[in-house]
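Have the viewer open and follow along.

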Amino acid sequence: FLPQVDSANAGRVLASDAAVFLKKSGLTDLVLGKIWDLADTDGKGILNKQEFFVALRLVACAQNGLDVSLNSLNLPVPPPRFTDTSSPLLLSGTASNDLPWAVKPEDKAKYDAIFDSLNPVNGLLSGDKVKPVLLNSKLPVDILGRVWELSDIDRDGMLDRDEFAVAMFLVYCALEKEPVPMSLPAALVPPSKRKPLSVPGAMPLIPSSTSTKESHQSLPPVGILAAKTPLTQ
């Protein structure tokens, strides 16, 4: 990655050049700002080679749902992904399809048992059926909202077996005090959902933009429901 941002080959990266490059990671400005602050240890606005590699490592951590902190630097993560196709380490559609799913088989079996106990219809659970399970975790409402957004991958307002496993995985991560990512890491996308990555907008489940709007409203704000939903699940 370094030659792309260090065109003068000076062994250092300016903040302006790094910002343009790091934005290709798809992370939010807030997260990227935190990454820069951790990497630019003396606040010079310039990263040397070592500090730049720290920044890349933190990008990879953030993309895989890990905490953006120096403690995460030693954890095993796949290489960071950037949208620049000239990058040699870019995970193309085919490569990301080969990523092992972050949900382990033994955990998937547990999540499937919960899924089946909720009486899915045609292999799908509505928001109303998933809600009590999410609320039962006692997690903050905004976190649960993000869990729903990330796990309803095809935006149809329902969760299938794999999407439900993603929701449960994120809930358990949050209960372990791990941050819920702002966007779904590639390793968490179920293998069954990875096929049409290269064709944006090719989602046969959504015939028109109006149904997309409806799907967002299919799970009412969790705060309103918290009072009404008995947490017996």
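Start at S69, which is buried, with a relative accessible area of 16%. Buried here means under 20% relative accessible area, exposed means over 50%, and partly exposed is what falls in between, with a 1.4 Å probe and protein chains only. S69 is found in the loop between α4 and α5. Helices are DSSP runs of H or I with at least four residues, strands are runs of E with at least two, and both are numbered from the N terminus. Not counting residues up to four places away in sequence, S69 touches L38 and L58, where contact means heavy atoms within 4.5 Å.

Before going on, some housekeeping. This is a predicted model, in which local features need pLDDT of at least 70 and side-chain atom pairs count only at pLDDT 80 or more, while totals for chains, interfaces and linings use all residues. Residues are numbered from 1 along each chain as its sequence is written, and side-chain values use heavy atoms, with hydrogens and water left out.

Stay in that loop and move along to S72, which sits between α4 (49-63) and α5 (93-97). Is S72 buried or exposed? S72 is buried, with a relative accessible area of 5%. Leaving aside neighbours within four places in sequence, S72 is in contact with C61, L66 and D67.

Now zoom out to the whole chain. The protein has 11 helices and four strands, and buried residues make up 42% of its 233 residues. If you take the contacts between residues at least 6 apart in sequence, 61% of them join residues at least 24 apart. The accessible surface is about 12500 Å², and 60% of that belongs to carbon and sulfur atoms; the areas come from the Shrake-Rupley method with a 1.4 Å probe, and for residues only the protein chains shown count as cover.

Residues 27-62 are 69% helix and 8% strand, with end C-alpha atoms 8 Å apart. For residues 139-174 the figures are 69% helix and 8% strand, and the end C-alpha atoms lie 8 Å apart.

On to helix packing. Two packed helices are described by the angle between their axes and the distance between the axes. Axes are lines fitted to C-alpha atoms, for helices over the stretch in contact, and angles run from 0 to 180 degrees between N-to-C directions. Take α2 (residues 15-23) and α3 (residues 29-39): their axes come within 11 Å and cross at roughly 135 degrees. The two helices are therefore oblique to each other; angles under 35 degrees count as roughly parallel, over 145 as roughly antiparallel, 65 to 115 as roughly perpendicular and the rest as oblique. The α2/α3 crossing is right-handed, and a crossing gets that label if the near helix is turned clockwise from the far one by less than a right angle, or left-handed if anticlockwise. On the α2 side you'll find A15, A18, L22 and K23, which meet D29, L32 and W36 in α3.

Further along, N119 lies in the loop between α6 (105-117) and β3 (124-126). Phi of N119 is positive, near 55 degrees, and N119 is exposed at 55% relative accessible area. N122 is in the loop between α6 and β3, with a positive phi near 55 degrees, and counts as exposed at 76% relative accessibility.

Then comes helix α7 (residues 127-136), which is mostly covered, with seven of its 10 residues buried. Among them are V130, L134 and L135. K138 follows α7 and has a positive phi, near 65 degrees.The axes of α7 and α8 come within 11 Å and cross at roughly 135 degrees, which makes α7 oblique to α8. Here G127, V130, L134 and L135 in α7 meet L144, V147 and W148 in α8.

Finish with α8 (residues 141-151) and α9 (residues 161-175), whose axes come within 9 Å and cross at roughly 150 degrees. That makes α8 roughly antiparallel to α9. Residues making this contact include I143 and V147 of α8 and V166 and L170 of α9.
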